[in-house]
Every structure is written in structure tokens, then in C-alpha cells.
Amino acid sequence: DGLGSLTQKKIVITAGPTYEKIDPVRFIGNYSSGKMGFALAEACAAQGAQVTLIAGPVSLSTTHPGIRRIDVESAEEMYQAAVRTFPDSDAAILCAAVADYRPEVQSDEKIKREKTGDITMHLVPNPDIAAALGKMKQAGQRLVGFALETTNEVAHATEKLERKNLDFIVLNSLKDKGAGFRCDTNKVSILEANGKLTEYPVKPKNEVAGDIVEKLASLLK
Ligand code: C5P
């Protein structure tokens, strides 16, 4: 309607976990529900943005017509979709809990149980999507990341902000009640590239998304 703070803006959002295939029936994954990323997609679309939502395996649906959804499974697929769509975008919000490693070999057949003893699996690193987009970032484009820390939160978040060339990073602490994975609420702080730190109270994820979108919109003006 032309009244939203993100009208005409194109935003890429990654959300959810990634699954790294071991064999046809097994994978390495994590507990990310995708709720925060999906709430961000809805909040951006509500402000008039054209959203590309790159979603890992989640059981969530989107309703807003301003959201185009690309479903992926692995970190490599998520990386390919993000690198393809970012150049034509005004901003990206990297909300996905990307697996850091994947099995070096993905077996075509179901791996059989050994009769005795242990087995080992060799893991290789996945691409860092945020860092890759940080390298691609052009003047005027904005990049937002997330950090989930258990110790030295601000120091670690600052290091990530700089290393990945982010404009701001949303910090959530696992220590806070009502924050993080699988919850409907979250408690975040936003650390900006200029060093400014803003702390927010525990809120429903859709309201947290509103705070993040407001900060992003102010940087895209
Ligand atoms: O380094 P760390 O995984 O803690 O960084 C978290 C941030 O980087 C999040 O925004 C996450 O979505 C992003 N990330 C990514 N690709 C990876 C790992 C993390 O985009 N392979």
C-alpha cells in the first residue's frame, strides 16, 4: 500500500535448521524450529518488502503473498540459494541455524550396524553463508546476522559482526528464560557495527521480529 517502512525493498531471509545427509534415512541436524526466521519474513512482508525466504526443513507455512519461499535441505543448498538471490536484494537476514559440518561421504545405501565396536564418521566444514554474503556486499546493501552464545556474549558477537561484515547482529542468550530454540518468545540485544548495543525485554517472536525490522528499515532509508 506504499505505507510500509520496507516498500520496494527486496529482502533475503534464511531460516530453520539444515540437514546434512548421512545415508538415505539419517542426517545431522539441530533443534532450530524456523519460527524466528518465519516471523521475520512475515514482518518484512507486512512492511511492504518483497521477501525471499530460504527455508531449511521446518514444519511451518507462510501466508503473506509478499513472501517467495525456496525450500532447501542442506547448508550447501542454502548457500547456493543465498548467493544466487543476494545480488538483486537490498538486505539479507541470516537467521538459519546452519550445520557447521557435514559428513564427507553421503552413503547411497543405508549404513549397516557393525557387529562389534565403534564406527567413526569424518566431517568436513560447510560454507559460512553470512561470511560469503559479507564478502559480496555492495554499498547500500545491508546484512544482518544472529548469534547464539553461552559465554562472553558481546565479545563473541562483536567478533562475528566484524568477521562476517554485518551491519548488525541479533544476540540471543541461551541463559535467558523464554529465549531461543523452539520457544514462541525470545529475548534479544542488537549490536550495531558502530558499537551501539540495545537490549530488549522478553517478547513474542513476532514482536522481536518487529524490533529487528524497525532497525533494518532505519538503515535502508
Ligand atoms: O559463526 P556462527 O555460526 O555463530 O554465526 C551465526 C550467524 O552466521 C547466524 O546469522 C547464522 O545464520 C550465520 N551462519 C551462516 N552460515 C553458516 C554458519 C552461520 O550463514 N555456515
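I counted 5 helices and 14 strands in the protein; helices (H or I, at least four residues) and strands (E, at least two) are DSSP runs, numbered from the N terminus. The model is predicted, so I noted that local features need pLDDT of at least 70 and side-chain atom pairs pLDDT 80 or more, while totals for chains, interfaces and linings use all residues. Residues are numbered from 1 along each chain as its sequence is written.

I found 39% of the 221 residues buried, that is, with 20 or more other C-beta atoms, placed from the backbone, within 10 Å of their own. A nonpolar core joins buried Ala, Val, Leu, Ile, Met, Phe, Trp, Tyr and Cys residues through C-beta atoms within 7 Å. The largest has 56 residues, and Ile13, Leu40, Cys44 and Ile169 have the most contacts inside it. Helix α1 (residues 35–46) gives this core its largest share, 8 residues.

Ligand. I listed 14 residues around the ligand, of which Leu94, Val98, Ile129, Ala130 and Gly145 come nearest; the cut-off is a C-beta atom, placed from the backbone, within 6 Å. β9 gives the most to this shell, with 3 residues.

Notes
A residue is buried if 20 or more other C-beta atoms lie within 10 Å of its own, exposed if 12 or fewer, and partly exposed in between; C-beta atoms are placed from the backbone.
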